[in-house]
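Here's a quick briefing on a single protein chain. Have a look at the model first, then read on.

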Amino acid sequence: VSYRVDVEGGSIRILGWIILEPSGDSTRITWREDGDFGRNPLLGFAARSMPESQGAQMKQSLERLADLVEGRGPSPISDDPGGSDESGGTVP
């Protein structure tokens, strides 16, 4: 799956990919994002911490997805939009 995120009317653009690969009875998920934050030094500083913060969010989301798929979580149709659940890794 590929995606594009435009921020500030397209002045900041992020391109991302999520690749799902079967691995025995699990699925390996590879996530990558590339972006250009321009010459703003504050945005450049913020971009340095993005892999860590977004990685933790992606991990939480994938764990929630695994719970839903395996019947351990709430119905996919709920009042809770999921907030900040996201992360990377292997989902059984």
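Leu-15, Trp-17 and Ile-19 form a nonpolar surface patch of about 250 Å². Patch members have over 30% relative accessible area and no salt bridge, with nonpolar side chains (Val, Leu, Ile, Met, Phe, Trp, Tyr) joined within 5 Å; a salt bridge puts a side-chain nitrogen of Lys or Arg within 4 Å of a carboxyl oxygen of Asp or Glu. Areas are Shrake-Rupley values with a 1.4 Å probe, and for residues only the protein chains shown count as cover.

Bear in mind that this is a predicted model: local features need pLDDT of at least 70, side-chain atom pairs count only at pLDDT 80 or more, and totals for chains, interfaces and linings use all residues. Residues are numbered from 1 along each chain as its sequence is written, and side-chain values use heavy atoms, leaving out hydrogens and water.

**Overall layout**
- The chain runs β-β-β-α-α-β along the sequence; helices (H or I, at least four residues) and strands (E, at least two) are DSSP runs numbered from the N terminus.
- Of its 92 residues, 13% are buried (under 20% relative accessible area; exposed is over 50%, partly exposed in between; 1.4 Å probe, protein chains only).

**Strand 2**
- Leu-15 sits in strand 2 (residues 12-23).
- Leu-15 is partly exposed, at 36% relative accessible area.

**Helix 2**
- Met-58, Ser-61, Leu-62 and Ala-66 are the buried residues of helix 2.
- They cover an arc of only 140° around the axis, so they lie on the same side of helix 2 (the arc uses directions from the helix axis to the C-beta atoms).
- After helix 2 comes Gly-71, with a positive phi near 75°.

Notes. Patch = residues over 30% accessible without salt bridge, like charges linked within 9 Å, V, L, I, M, F, W, Y side chains within 5 Å.
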